[in-house]
Amino acid sequence: MKRSFLADNPSVFWMLGLLGLFTLGVTILAEGAGLALLSTSAVKILGMTLCLCLIAVAMDVVWGYCGILSLGHFAFFGLGGYAIGMWLMYARTEGIVIESLANAPIPPTQGEIDDAIAGQIFGVVGSDELPMIWAFAHSLPLQLLLVVLVPGLLALVFGWLAFRSRVTGVYLSILTQAMTLALSLYLFQNDTGLRGNNGLSGLQNIPGLLEVPQSTVALWFFWASAAALGLGYVFFAWLVSDRFGSVVRAIRDNEARVRFLGYHVESYKLLVFTLTAIVSGLAGALYYPQAGIINPAEIAPIASIYLAVWVAIGGRGRLYGAVIGAAVVSLASSWFTGGGAPDIELGFYTINWTDWWLVLLGGGFVAVTLFFPRGIGGLFDYLVKKP
């Protein structure tokens, strides 16, 4: 008798249960709707952490299950943020411009409004024209569609070119890193239409909700992030289960043998690569309105390397391991670099954790690799006996 999906994937039940309890707890303690024991900034940090957990799950699927060490998935995350950020910045600027021109002796034409919006957004880079890539910035549905299409199409084209050429291993990792670096360097230029190094800012001001307190908006985004993580976890757990998951894991372990058995390996890899890129873009679209700003530095290759470190520390090949790794490392990063960790005075030297956090992270990564090769999530193997 075939077992149910939940019976084969008990981590789904536990993850959804713990995520629900966590969401309820934060809601009760939040400033926006509860006891006000958690500040708005803390709620935003927790919401952003959930988004990072979602992209970590996507990274675990493409690397831990399919064996593709992608060092470019944070680029898809950033592109999703840029896509939604364009609408947020355009709509907010449009409201400001219309309000400022409301008392003009002669009602402004649509062309004058458009010119004023372009000047407000791009004056910082010495331009007063709206680039072509902002053609749909006025429409939320179209920009939401771009959140999915832009990362998805980039992953589809890149993956098709790489996989059909049978580039594998470290060479594929270098290619994904080169793609990320090229995209980051391109976005740093002022003439790209995305404000260069200035990036997109003020994304926390949601058009139509300017009268709503930030504490409430932060809680709404936290709920959305929790829902996205829950749905994404269930989707990927279903994707890597049953026959499809077996084929994907077989590709990871012995690609040549899977190809010999008649499976079209490139199609499987391309599907996994594209789907995880799309989910990464959705995670970015939820992350950056909570962060309030996005710039090309967010897409730099180092961000994707951090993502791989999170998954390795949590335990690749285990979806819950990716969640644990991303949550632990990102929250620890916020604590150490945000001034939460007290400096240590040694007399001859003061350890400032803002400067030493990367050293600590690197040391932790080495320790986990040497002593816990299956990551933090692998510790559960010692606690749970498989039937």
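In which helix is the place of Asp115?

1. Asp115 belongs to helix H5 (residues 110-122); helices are DSSP runs of H or I with at least four residues, strands are runs of E with at least two, and both are numbered from the N terminus. This is a predicted model, in which local features need pLDDT of at least 70 and side-chain atom pairs count only at pLDDT 80 or more, while totals for chains, interfaces and linings use all residues. Residues are numbered from 1 along each chain as its sequence is written, and side-chain values use heavy atoms, with hydrogens and water left out.

2. Asp115 has a relative accessible area of 51% and is therefore exposed (buried is under 20%, exposed over 50%, partly exposed in between; 1.4 Å probe, protein chains only). Patches take residues with over 30% relative accessible area and no salt bridge, joining like charges within 9 Å and nonpolar side chains within 5 Å; a salt bridge is a side-chain nitrogen of Lys or Arg within 4 Å of a carboxyl oxygen of Asp or Glu.

3. Leu145, in helix H6 (residues 140-164), is partly exposed at 45% relative accessibility. Leu145 contributes to a nonpolar surface patch of about 810 Å², whose members include Phe136, Leu142 and Trp160.

4. Gly292 occupies the loop between H11 and strand E2 (293-294) and takes a positive phi of about 90°. Gly292 is buried, at 7% relative accessibility.

Key. Accessible areas come from the Shrake-Rupley method with a 1.4 Å probe; for residues, only the protein chains shown count as cover.
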